[in-house]
Amino acid sequence: MKHFLRMLIQVCVYFYCKCLWRCMKFVVRKLTGRCELQRICYNNKPGAGRTMKIESSLRDSKSKLLQTSVSVHPDAIEKTVDDIMELKKINPDINPQLGISLQACLLQIVGYRNLIAEVEKLRREPYDSDNPQHEEMLLKLWKSLKPDTPLEARISKQWCEIGFQGDDPKTDFRGMGLLGLYNLEYFAEWDVVTAQQVLSDSLHPKYRYSFAIVGINITDLAYNLLISGALKTHFYNVAPEAPTLSHFQQTFCYLMHEFHKFWIEEDPMDIMEFNRVREKFRKRILKQLQNPDMALCPHFAASEGLINM
């Protein structure tokens, strides 16, 4: 009986989605004189709320043109918008703002998909100690974080001073590949004051953790938020056009700084509580991102939490 009821509910839901919903859209269009895309653009302010509704409408459309519009090449977006306007029989001279709004939404939607591909490529690329560019980036990380302390040798226990596990950091990048190094180096250069303060705080006896290892772990958090689509809320609110790798790296910096403050607020017994604190932090960020108006601030001031300790 339960199995029959479950099947009946699924059939009803399918019927609603495929038939009744389309009928409702048809009726509303006749009553308002506007298609769904017009209603979304005119009734929602620019940002995640509008873009995510446009994305859903295009993806769920029965039209192949609309379905594929969310994955076109960026250079084809302008023509795609023209094709959509023609398909929907919308006069661009009478509705000029619609074309502009649609183009902005598609730039964000397509840009997000391309950003995932770019981030994934970096994650899959392993650190190569024979690659001069990789080595240069790693050494720049040291110089940014420890400008007054020369690195005595490429293979050195000194790497532990900035939170790597052993004498050769390349082994710590296995999980996140070059993405982990890119993020750490960006943080150390983009906001050197904050990065150096967070590193200093991480060495405090009461709140000690491995700065670089935690940075790689927070990279994993940022990566999964991106892949799952949770970061759409943030990027669609802060990037007026296509979100870029810089937007992702700034988001990492924000998450790194916020986790650092959260770690101190949680007052853990020791590093063994890291997974518990990280999971609690992840849930808090996810909850914030459920707000369509949410924009994780990429600009922040240096922590003052432990300066006087």
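First, a definition: a crossing is left-handed if the near helix is turned anticlockwise from the far one by less than a right angle, and right-handed if clockwise. Helices are DSSP runs of H or I, at least four residues, numbered from the N terminus. This is a predicted model, where local features need pLDDT of at least 70, side-chain atom pairs count only at pLDDT 80 or more, and totals for chains, interfaces and linings use all residues. Residues are numbered from 1 along each chain as its sequence is written, and side-chain values use heavy atoms, with hydrogens and water left out.

Now the packing. Helix 7 (residues 132-145) and helix 8 (residues 177-190) cross left-handed. Their angle is about 35 degrees, and the axes sit 9 Å apart. Axes are lines fitted to C-alpha atoms over the stretch in contact, with angles from 0 to 180 degrees between N-to-C directions. Contact (heavy atoms within 4.5 Å) involves residues including Met137 and Leu141 of helix 7, and Leu181 and Ala188 of helix 8.

Last, backbone angles. Most residues other than glycine have a negative phi. Lysine 89 has a positive phi, near 55 degrees. Lysine 89 lies in the loop between helix 5 (77-87) and helix 6 (96-124). Aspartate 267 also has a positive phi, near 50 degrees. Its loop runs between helix 12 (245-266) and helix 13 (274-289).

Terms used:
Helix = DSSP H or I, 4+ residues; strand = E, 2+ residues; numbered from the N terminus.
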